[in-house]
Amino acid sequence: MTSTLKGITLKGSAELVAEFFSFGINSILYQRGIYPPETFTRVTHYDMSLQVTTEPKLNNYLTNVVSQLKEWLFECSVQKLVLVITCLETNEVLERWQFDIECDKSAKESSAPREKSIKTIQDEIRSVIRQITATVTFLPLLETQCEFPSVCQLFCSGVPLTSLLFFAGSFDLLVYTDKDLVVPEKWEESGPQIIDQSEEVRLRSFTTSIHKVSSMVAYKRTDSA
Amino acid sequence: MAEGGDVEWELSKENIQPLRRGRDISALHQALSQQQDGPTSAINQQRQAFESELRMYDGDDPLGVWDRYIKWTEQTFPQGGKESNLTTLLEQVVTKFADDKKYNNDPRYVDLWIKFAENCPEPLDIYRYMQAQGIGVMQASLYIAWSEEYEKQGNHRKADLVYKEGFSRSAEPHDKLLQFHRALQARVSRQVMMTVHDDSSDDEPQQPERVSLADLKHRGKKKAVAPVNRTGPAIKSISGGLQSRGAPVLGNASNSRLVIFDENKNQSAGSSGPAPDPWAAPPTSRAKENEQKAERWCDVKIPQKTKFGHTVMAPPPPKPTFQPFVEESTQPPIMTPCKINPAVNTVLSARKPTKEETPLKRLQDHHQLQREAEVGKVQEQSMYCKELLLRGATEFCFEELRAERYFLKMGQHSQSSKPETDQPSV
């Protein structure tokens with residue numbers, strides 16, 4: 001992780017955000033029970049204990065996605081990252097975690113680093129992850145389980161893309177990018193996977209002063225308790 | 001700090017009980033904001049509306065009213081607790097429709113039973129009772145909840161048997177039963193593999209759990225320390241992802257050098273498998289270890305004063321075998337006036353042996369009464385609409401009932417265009 005004591009550069013910001021996604025996605029997979037809790041191990045980061053997966057295929061898959069994301073963040077060409085949880089049996093979308101990314105396009109590779117302490121950013125990230133954990137108070141219990149990681153889908157303002165490294169599973173990662181992006185070879189188009197009749201809750205956001213990430217969770221509205 | 005939109009739920013997150021089917025976020029916000037203002041009239045009005053509807057409803061589906069009321073209660077009172085009257089309502093609805101055959105396999109009714117069971121001290125008894133009475137035996141949800149209860153108690157074999165029973169009865173929806181059964185098998189096989197693989201599961205640092213009480217200091221030479229960590233059923237969590245290893249922890253409680261009396265142990269030695277037993281007798285009351293059986297009081301006499309001049313306020317315990325030390329004092333013991341007339345023995349009467357009251361017991365008593373009423377053995381009969389007044393969580397008085405009828409009638413009159421003769425009637 002870049003720790004230029006002088007401030008945040010574009011590259012540093014991209015790394016911070018990508019790192020957040022890596023831990024954030026792991027946390028969500030653990031909290032929502034997509035993968036069995038025994039397949040996770042505890043690590044310490046952002047001054048808190050987090051769960052990351054030990055399942056090698058999933059780990060591999062997430063690493064690939066995150067590094068690709070880092071590139072796009074650097075190019076400021078990604079707009080959203082969405083984690084979609086579907087029910088294996090009925091194929092309906094149960095939950096949708098959406099992370100909107102706002103990139104300050106004026107920050108280029110050569111521009112001066114911005115003033116923001118890494119500690120502040122980490123504090124903000126910590127609040128977001130804590131809030132994700134707290135959503136258990138109102139999110140419905142997910143009965144769906146997963147054995148392997150699944151497709152990673154890419155969204156190009158209307159042209160969704162899917163990754164080709166693919167197993168049967170119940171969660172998907174979608175990325176919305178700029179229209180003129182060249183689709184990388186491991187990705188494919190996909191649909192938006194919107195939940196019909198959803199409840200939406202806005203969560204906290206954090207900013208590195210170059211990238212701003214806001215989070216939101218949508219879940220299927222239940223007519224019964 | 002970054003803003004986070006509506007964060008009231010996060011600030012009160014410890015006061016919100018998670019629901020299995022999730023919560024409606026707008027209802028949650030409304031409930032939380034109104035709680036800060038104290039019990040405002042909006043919630044009370046809604047509740048009053050439900051209570052009236054319970055009494056005035058005249059249609060085909062009375063269960064529907066109860067169902068909506070209970071769901072509203074769950075969403076509006078995120079803390080649960082006494083204020084919500086949830087347990088009262090559940091008990092009432094369950095008792096009321098217990099004999100109504102048409103609701104026996106209504107999924108709403110079965111779900112209400114399951115919620116009721118979860119609120120009871122011994123859910124397994126409730127599930128067995130349901131099976132014996134034929135309630136919900138065609139619904140997958142019963143078997144799923146039953147099996148989860150067994151799993152929580154660490155009894156995987158029975159948990160599996162329950163599913164088999166469900167399949168043999170062709171419970172619906174079949175796919176759901178299949179899905180949950182597979183999930184159970186996956187969990188069980190993983191646990192088996194885990195215990196086979198790493199015997200060093202104790203070395204793995206346990207998640208820092210919240211310790212609720214201070215560590216008890218040991219006294220004397222024995223260094224046994226009672227653990228304050230949660231074990232077994234207390235670790236149950238609703239979110240599947242956080243289902244920490246409930247069953248193995250039971251075995252790994254390395255601190256418990258004390259054998260803790262388990263009043264529920266004698267229950268598991270009961271019926272073999274979920275075969276329907278005829279319910280001749282109610283389930284055995286819990287064996288509490290610190291309850292003395294009531295004994296005859298014929299041999300204990302109450303003296304007016306003991307020789308030390310103390311006024312007798314209660315029947316004394318049996319005399320100790322040693323001679324208590326008496327100080328040599330020049331003053332005679334002070335005679336305090338005795339206000340108790342020994343002939344009147346009503347200050348403290350002997351404690352009547354209380355029957356162990358559980359909701360299930362009350363349900364069965366009710367059932368008993370109903371059966372007797374049918375046979376014609378009933379002792380007393382109330383000549384007013386007692387049931388109507390007592391329905392629901394709160395009690396209505398006659399005037400309220402009359403008012404409801406009046407409002408209903410007024411509503412109907414205003415809708416009809418023809419003028420009708422207004423007869424004053426109740």
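The expected span of a helix is 1.5 Å times one less than its number of residues. In this predicted model, that rule can be applied to helix H8 of chain B, which covers residues 140–152. H8(B) has 13 residues, and the distance from its first C-alpha to its last is 18 Å, close to the expected 18 Å.

The surroundings of this helix come next. Because eleven of the 13 residues of H8(B) are buried, the helix is largely enclosed by the rest of the structure. Among these buried residues are B:Leu142, B:Tyr143, B:Ile144, B:Trp146 and B:Tyr150, and also B:Glu149 and B:Glu151. The packing partners of the buried residues are H6, helix H7 (123–133), helix H9 (156–168) and helix H10 (174–197) of chain B.

One of these partners, helix H6 of chain B, spans residues 107–119 and packs with H8(B) at an angle of about 15 degrees, the two axes lying 9 Å apart. Angles under 35 degrees count as roughly parallel, and H6(B) and H8(B) are therefore roughly parallel to each other. Their crossing is right-handed.

At the contact itself, H6(B) contributes B:Val110, B:Asp111 and B:Ile114, which meet B:Ser141, B:Leu142 and B:Ala145 of H8(B). By class, this contact comprises four nonpolar residues, one polar residue and one charged residue. On the H8(B) side, B:Ser141, B:Leu142 and B:Ala145 also belong to the buried residues of the helix.

Notes
Residues numbered from 1 in each chain as written. Chains lettered and ligands numbered in written order. Predicted model: local features only at pLDDT ≥ 70, side-chain atom pairs only at ≥ 80, totals over all residues. Heavy atoms only, no water. Axes fitted to C-alpha atoms, helices over the stretch in contact; angles between N-to-C directions. Helix = DSSP H or I, 4+ residues; strand = E, 2+ residues; numbered from the N terminus. Parallel < 35°, antiparallel > 145°, perpendicular 65-115°, else oblique. Left-handed = near helix turned anticlockwise from the far one by under 90°. Contact = heavy atoms within 4.5 Å. Nonpolar A, V, L, I, M, F, W, Y, C, P; charged D, E, K, R; others polar. Buried < 20%, exposed > 50% of the residue type's maximum accessible area, 1.4 Å probe, protein only.
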